[in-house]
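Please look through the sequence and the 3D view below before reading on. The briefing after them is arranged by topic, so that each point can be checked against the display.

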Amino acid sequence: MPKITFFNLPEEKKQTLIQAAKIEFSRVPLYEASITNIIKSAGIPRGSFYQYFEDKEDAFFFLLNEWAKENKNHFIFILIKNNGDLFETMKEFFQVIIMEEENFHFLKNTFLNMTHRIERTFARSFNVNERNEGFEKISSLIDLSILNISDEKELFYVLKIILAVTIRNFIDKFARDLSAEEAVNIYMIEMNLLKKGLYRNPELELEKK
């Protein structure tokens, strides 16, 4: 979490520092990033950087948290637009993320160097770290009547499963340098398998005959 001095900066200076950090974390992953490059780009002394952030991890996770907040709002917007259809929302949300041009290299470096902390930060887009007020807000927008689940407890774990599949597909897209079309097609196949379920019901098969 940035220090209070960062939030007290004039907006122009704050945005200059944010852009400098984003440029560096887009150039290389967190563990290779250089504070020297950030302060040179921002035009500030090294001491000033430590007045605003504890270290480079603090700056990186500030950027990732802000990105997650924006995407949570976008996810909610898409969910409402799709009348609470979770699977249709996830398919559209996935496409939106991989089509991002402005944050492409930042996301590539992030997903290809995934850690538990990064995963938890990304999960805030869906409020699935804990069953709290944020999760209640998301769950209230999801149409449970079209899902084969019993209650919100099961929904919580369904969202965790979907999130795991989604993150792995992001990693796969960047690791294999897949085109947006290829990445979407693979994601669609996996999401449709989850949507249909994998266990064949013999009784339903008999009804079809």
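**Briefing on the predicted model**

I4 lies in helix α1, which covers residues 4-7.

**A nonpolar patch at the surface**

- I4 counts as exposed because its relative accessible area is 58%, and exposed residues are those over 50%.
- Together with M1 and F7, I4 makes a nonpolar surface patch of about 360 Å².

**Overall build**

- The protein contains twelve helices and zero strands, so that, read from the N terminus on, the order of its elements is α-α-α-α-α-α-α-α-α-α-α-α.
- Along its principal axes, the C-alpha trace of the protein spans about 75 × 35 × 25 Å.
- The protein has 209 residues, of which 42% count as buried, and it exposes about 12000 Å², with carbon and sulfur atoms supplying 52% of that area.
- When contacts with a separation of 6 or more are considered, 64% of them are accounted for by residues 24 or more positions apart.

**The largest nonpolar core**

- In soluble globular proteins, nonpolar side chains tend to be buried together.
- The largest nonpolar core of this model has 61 residues, and within it F25 and L86 touch the most other members.
- Helix α5, which covers residues 56-81, gives the largest share of this core, namely eleven residues.
- If neighbours within four places in sequence are left aside, the residues in contact with L86 are F75, L79, I142, L147, L155, V158, L159 and I162.

**A buried threonine**

- T166 is found in helix α10, which covers residues 152-175.
- Is T166 buried or exposed? T166 is buried, because its relative accessible area is 0% and the cut-off for buried is under 20%.
- Once neighbours within four places in sequence are left aside, T166 is in contact with M90, F94 and Y187.

**An annotated region**

- The UniProt record, an unreviewed entry, carries the annotation "DNA-binding region" for residues 34-53.
- In the model, the span of residues 34-53 is 75% helix and 0% strand, and its end C-alpha atoms lie 14 Å apart.

Definitions and conventions. Residues numbered from 1 in each chain as written. Predicted model: local features only at pLDDT ≥ 70, side-chain atom pairs only at ≥ 80, totals over all residues. Heavy atoms only, no water. Core = buried A, V, L, I, M, F, W, Y, C linked by side-chain atoms within 4.5 Å. Buried < 20%, exposed > 50% of the residue type's maximum accessible area, 1.4 Å probe, protein only. Helix = DSSP H or I, 4+ residues; strand = E, 2+ residues; numbered from the N terminus. Contact = heavy atoms within 4.5 Å. Patch = residues over 30% accessible without salt bridge, like charges linked within 9 Å, V, L, I, M, F, W, Y side chains within 5 Å. Areas by Shrake-Rupley, 256 points an atom, 1.4 Å probe, with all protein chains shown as cover. Salt bridge = Lys/Arg side-chain N within 4 Å of Asp/Glu carboxyl O. UniProt positions renumbered as here; feature names shortened; annotations may be inferred.
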